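Please find below a note for a colleague who is meeting this structure for the first time.

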Amino acid sequence: MSPSPSSTGGSAPRFAVVGVPGNRRVALFQDAVRAAGLPPARVVPWLDVLRGEAAFLPGETVRMDSPGEDAEVERLLRAVGDPARVEGTALWYARFTSAVRAVARAAAASGAVLLDDPDDVAVLFDKRLCHAVLDGAEVPVPASPTSGAAAPAVRDWADVRHRMAAQGMPRAFVKPAHGSSASGVLAVETAGPGRVRATTSVERDAAGRLFNSLRVRRCTTEREVAAIVNALAPDGLHIERWLPKATQRGRAADLRVVVVAGRATHAVVRTSRSPMTNLHLGGERGSLDDVRAAVEAAGGSWAEALAVCERAAACFPATLCVGVDLLPATGWRRFAVGEVNAFGDLLPRLTGLAGSGAEGLDTYAAQVAAVLNRARNHRATATC
């Protein structure tokens, strides 16, 4: 997966990246483009897209990246003054998917090639729709009473309690339908009337407003849990069964697996003492060698675990790269897919899996190499 530009024959693709100028994601992608011996990618700011000013050049290969970490972009997408606020995700989703479709129209009008499909992005940023797509493709996922467009909307905490009880779910994850990075997520545990607790990174101020925090905390009263859920419900909620995870060195473990052009190329183990393994919430990187050994010792198959991720990514064939959250069940024999992320490739300094074709490449370099290979194969086919 790592040809040099000279090995591709003819002119190599010229990249444009829709992102936040100066952002670390854009910088890492530029490093990958430079390492491949290509001209720097032209950066098209999300602000330009939102203001209707974005344009592309004929023949450009256009990659969309996260609009996060830009306060003005966040304000335009969510209409909130503080980017740490949790509410506003439904408006964010409507405006962001509209912006993505504007990028697609502008790219098509100029004859540019888009690496991210707008229909895929719309599904990936709605956990209810994404769950239904994966389930329909027989990708193993946690059970959910909110899967699919036809599922009734969750109105409030009473709805959550009712659906958890009806599904026989004493423990469940309650997630904003359009959230990311564990924003607004609650890991809820129930044990009869009034016996409720939840683990979350949400902080609630005296006015009832919700804010993201880097500190995972425990809510111990049903009243507190209900107040958070009731504030989140208008933006849309998704409920999933809380699957008991395998552990590594006494810590709950899962994996982020990056799939590029249909192949699982990178994987990182995330471990935590809390239900949230996100690295920015205090999760730590675990040992991938230990995971492989545990899977094989349990009679499972590491190759099959990666194949599950590739099957999940295959549900979005028009998108070059996704990040799959893979949940290992207790015992390391079975796996389920928790989420598929459109921008799940921010794993600095992580190089590719052995046998993946991305050995020695980070996630961004693997994507550049995949585009170069695609261009080379296209030219070879055209000359036959």
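**Notes on buried charges and cavities**

1. Arg256 and Asp325 are joined by a salt bridge, with 2.5 Å between the closest N and O atoms; a salt bridge here is a side-chain nitrogen of Lys or Arg within 4 Å of a carboxyl oxygen of Asp or Glu. This pair links distant parts of the chain, since Arg256 lies in strand E11 and Asp325 in strand E14 (residues 321–328), 69 residues apart. Both Arg256 and Asp325 are buried, where buried means under 20% relative accessible area, exposed over 50% and partly exposed in between, with a 1.4 Å probe and protein chains only. Helices (H or I, at least four residues) and strands (E, at least two) are DSSP runs, numbered from the N terminus.

2. The model is a predicted one, in which local features need pLDDT of at least 70 and side-chain atom pairs count only at pLDDT 80 or more, while totals for chains, interfaces and linings use all residues. Residues are numbered from 1 along each chain as its sequence is written, and side-chain values use heavy atoms, with hydrogens and water left out.

3. A second salt bridge joins Arg270 to Asp254, whose closest N and O atoms are 3.1 Å apart. Arg270 sits in strand E12 (residues 263–272) and Asp254 in strand E11 (residues 251–260), 16 residues apart, and both residues are buried. The two pairs belong to a network of salt bridges that links Lys245, Asp254, Arg256, Arg270 and Asp325.

4. Across the whole structure, a search finds 32 salt bridges. One of them joins the side chains of Arg85 and Glu87 at 2.9 Å, N to O, and both of these residues are buried.

5. Asp120, in helix H6 (residues 118–124), is buried yet has no salt bridge, and the nearest side chain of opposite charge, that of Arg101, is 9.1 Å away. (Lys and Arg count as positive and Asp and Glu as negative; His and the chain ends are not counted.) The Asp120 side chain does make a polar contact with the side chain of Thr319, at 2.9 Å; a polar contact is a pair of N or O atoms within 3.5 Å, where within protein one must be able to donate a hydrogen and the other to accept it, and residues adjacent in sequence count only if both atoms are side-chain atoms.

6. A cavity is a set of points, on a 1 Å grid over the protein atoms alone, where a 1.4 Å probe fits but cannot get out, and lining residues have an atom within 4 Å of a point. Among the residues lining the largest cavity are Arg63, Asp65, Asp116, Cys321 and Asp345.

Definitions and conventions: On a 1 Å grid over the protein atoms alone, a cavity is a set of points where a 1.4 Å probe fits but cannot get out, and a pocket is an open set with protein on both sides within 12 Å along at least five of seven lines; lining residues have an atom within 4 Å of a point.
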